[in-house]
Each structure stands twice: as structure tokens, then as C-alpha cells.
Amino acid sequence: MNTANQSIQTINPSNFPITEANAVEILNSKPDFNSLPESDRTQILKIAAIDDYKSELQHKAKIAKLNYSDLKATFLTNAKSVHTREAYVLALSRLEMYLGMLGKSFAEISTLEADKFIQSHFLSKPLSKGALNMMAADRASASIRRDASCIGAFYSFVQRISNNEFANPFRGTRAKPALQPVKELCVPSKEEVATILASKDVPKELRAAIAIMAYRGIRVGGLPGLNIDYVNQSFTTMSKGKAYNGHLTELDSIGSTPVLKYFNVFEGKKKPFNGMTAPQIKMQVAYWMKRLHQKGAISVCYSCHDFRHHFAVAQYRGDYANSNKGDIYRLQKLLNHSSISITETYLKTLNLI
């Protein structure tokens, strides 16, 4: 028997109990792999291959337990709001395109592939009719970060469902782009908001919607469920899955008309926008802003979200009440943000801080 084989026989757990000291001795005294006979090396490689196959089969067995369609449906059902659900759906559709290119299932993506996905065109380019528009300009960094976070949330959900048998490949990623302002601050001024609300061209019902967005910062998604309490001069609604309420006694930009008075057109109707959808309201606002812009009444074709921007900017700069200037904590409550960090990010996007 050669020396190498004698060494191998020496490393036999049945010869003596394995203690920590013995384990160190075994590891230090093991023969060099290249010095072993070819038959021994072949045997060891076969054992290593068997272990590799075993790990691969165990991983495939775990994957087989995870049905993507079912997991996705459950995940989307638990979304806090319609807006959040839509964001999840669009983000996951980008991931599905990427996995299709790789020829892999969602459970086979590695941390390296997750980073490459975040940095790829699958997140940086806008969608057009369900496909990537490679000719368009890159999306805003905030949009890329949002989609990456949506996908990370899905994988965290899968990790919990699988009792940690499946790790989230997006956790801890550093591939997300730095948050950059999309554009220079461009929101309607106090004078422009006053012009819009005084315009007899814009329907009175739409002016009420613009007034509550511009003077109370409510999201357009909260308008369809808006409930007006005329007696207490207040409102309640749901926005992004959270209750949103406030009062309507604030004066408009010229300091003469309480916001509530813009709702007189509804003649006491408690749910003035019931039956309408947020996209419908957005389209109507876009149409009338284009008309006013063509007439030269306003400098930009403002969107619904620009009126919410106006509210945030005016509050933070103290345009209406100087005592509230720079009060980010108050602004967080008024914007109905769940944390101060979200408000900070919002203000950075508007290039205010």
C-alpha cells in the first residue's frame, strides 16, 4: 500500500472520536490532492460530483414547490392600493422579460444577475405596448429605484412564504442608480393656480378637483373616493392604501376663497367624484391645461401631480404661511407620507433640498 493510501486510511472517523483538536490535525495532515493516485483522485471527484448533483436536486426541489403564478397573485392581492398594485405589475413584467431572455425561472436568478437586471435596459427604458422602447430616453432614476424596490418586495414575500428556504437576490444590492432630480423645479405658481381656478373655460367640477390638489396636496388617486363633510368643513379619503383626511377652511392663493367653496357646485353631494376614475380625471386636467397653455394663460401644461407639487413647494417655502417654512415634519403629515425619509426624497426630487 502506498504512503498516500496509508494517509487516507489514517483519516478515518471510526478510528477515534472527532474532537476539535482532532479535526484540526486531520485537516493539517491530509495528503495533497495532486499527490494521490489517479484512482483515488477519480473517486474523490465522483464523490464531489455526487454532492454537487445532490445540492442541485435539492435546489430544484425547492423551486418546484414555488408556483410563480400563484405567488404573484397572492402578492398582488396583498397590495395596499390599486396604485401600488399597478406599480408591482409593471415592475414584475420587466423582470419576466429579463428572465425570458435568460431562459430561467424567477427562482433561479442569482445576486449577480439581479444586479445586472437593475443596470440593464429592462429597467432603464420605458415600456411601449408591452415592449421596451429602446429608442426612447432613459427613465428617471426614481422610476428605476421604485421598480427595483417593487421586485425586491416580491422576493422578500417569497422568502417569507418559503420559510427562508429561498433567499432574496435583490437584498443588499448596490446597483440602484443614485437618485437624481428629473427636471428643474417646474410647478404652477400661486398666480397660475389662481388663473386656472378663475378660468370660466375650465368646468367648475374640475376646478374643485384642482383646488383640493393644489391647496390640500391630495393625490389624484384619492379623488374618486373623496368624501366631503360640509358641516365640519373637512374631507376624508383613501390614498395609497392609507386613510387621508383634513379640513377645507384654507384660503386660496389670493386669500379670499376657502377651498370648500369650490365644492358648492356639487350642491351638497358628499362624494363629488364618485363614478370617476383617477385616469379619467388626469385626462380631463391634461385637456384643459393644454387649452389654457395654447391661450397663453399658463406657461406649462401642468399635470395633476404638478398641483400636488405646488402644495408641497408652497408649504415648504412658506408661500402661504411663513411660520410653516421649512417644516418638513408638518409637510410629512400634510402629504400623508408614511415616513420622514419619503418626504425628504420627495423634496430632493423637486430639487428643494
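Which are the buried residues of α5? This briefing answers that, then turns to other parts of the chain. The model is predicted, so local features need pLDDT of at least 70, side-chain atom pairs count only at pLDDT 80 or more, and totals for chains, interfaces and linings use all residues. Residues are numbered from 1 along each chain as its sequence is written, and side-chain values use heavy atoms, leaving out hydrogens and water.

**Helix α5**

- The buried residues of α5 are Thr 84, Ala 87, Tyr 88, Ala 91, Leu 92, Arg 94, Leu 95, Tyr 98 and Leu 99.
- Seen down the helix axis, these buried residues fall within an arc of 150°, so they line one face of α5. The arc is that of the directions from the helix axis to the C-beta atoms.
- Buried means under 20% relative accessible area, exposed means over 50%, and partly exposed lies in between (1.4 Å probe, protein chains only).
- An α-helix has 3.6 residues a turn, so residues three or four places apart point the same way.
- Val 82, Gly 100 and Met 101 are exposed on the other side of α5.
- The cover over the buried residues of α5 includes α4 (68-77), α6, α7 (121-124), β1 (127-128), β2 (131-132) and α8.
- Helices (H or I, at least four residues) and strands (E, at least two) are DSSP runs, numbered from the N terminus.
- Helix α5 (residues 82-102) has 21 residues, which should span 30 Å at 1.5 Å a residue; its end C-alpha atoms are 30 Å apart, which agrees. The expected span is 1.5 Å times one less than the number of residues.

**Glu 113 in α6**

- Glu 113 lies in helix α6 (residues 111-118).
- Glu 113 is buried, with a relative accessible area of 14%.
- A polar atom of the Glu 113 side chain lies 2.8 Å from the backbone nitrogen of Ser 110.
- Not counting residues up to four places away in sequence, Glu 113 touches Tyr 98, Leu 102, Lys 104 and Glu 108. Contact means heavy atoms within 4.5 Å.

**Ile 144 in α8**

- Ile 144 lies in helix α8 (residues 141-161).
- Ile 144 counts as buried, at 9% relative accessibility.
- Ile 144 and Pro 177 are 33 residues apart along the chain, and their C-alpha atoms are separated by 7.5 Å.
- Leaving aside neighbours within four places in sequence, the contacts of Ile 144 are Ile 118, Leu 123, Ser 124, Arg 139 and Pro 177.

- Strands β3 (residues 227-229) and β4 (residues 234-239) run antiparallel, joined by three bridges. Two strands pair if DSSP finds at least two bridges between them.
- Asn 227 stands opposite Thr 236 in β4.
- The β3 and β4 hairpin has four residues between its strands, and Gln 233 in the turn has a positive phi of about 55°.
- Six bridges join β4 to the antiparallel strand β5 (residues 242-247).
- Phe 235 stands opposite Gly 246 in β5.
- The β4 and β5 hairpin has two residues between its strands, and Lys 240 in the turn has a positive phi of about 55°.
- Ser 234 is found in β4 and counts as buried, at 18% relative accessibility.

**Cysteines**

- Cys 150 counts as buried at 9% relative accessibility, while Cys 301 is partly exposed at 39%.
- A disulfide is a pair of cysteine sulfur atoms within 2.5 Å. By this rule, the count is zero.

Note on methods: A polar contact is a pair of N or O atoms within 3.5 Å; within protein, one must be able to donate a hydrogen and the other to accept it, and residues adjacent in sequence count only if both atoms are side-chain atoms.
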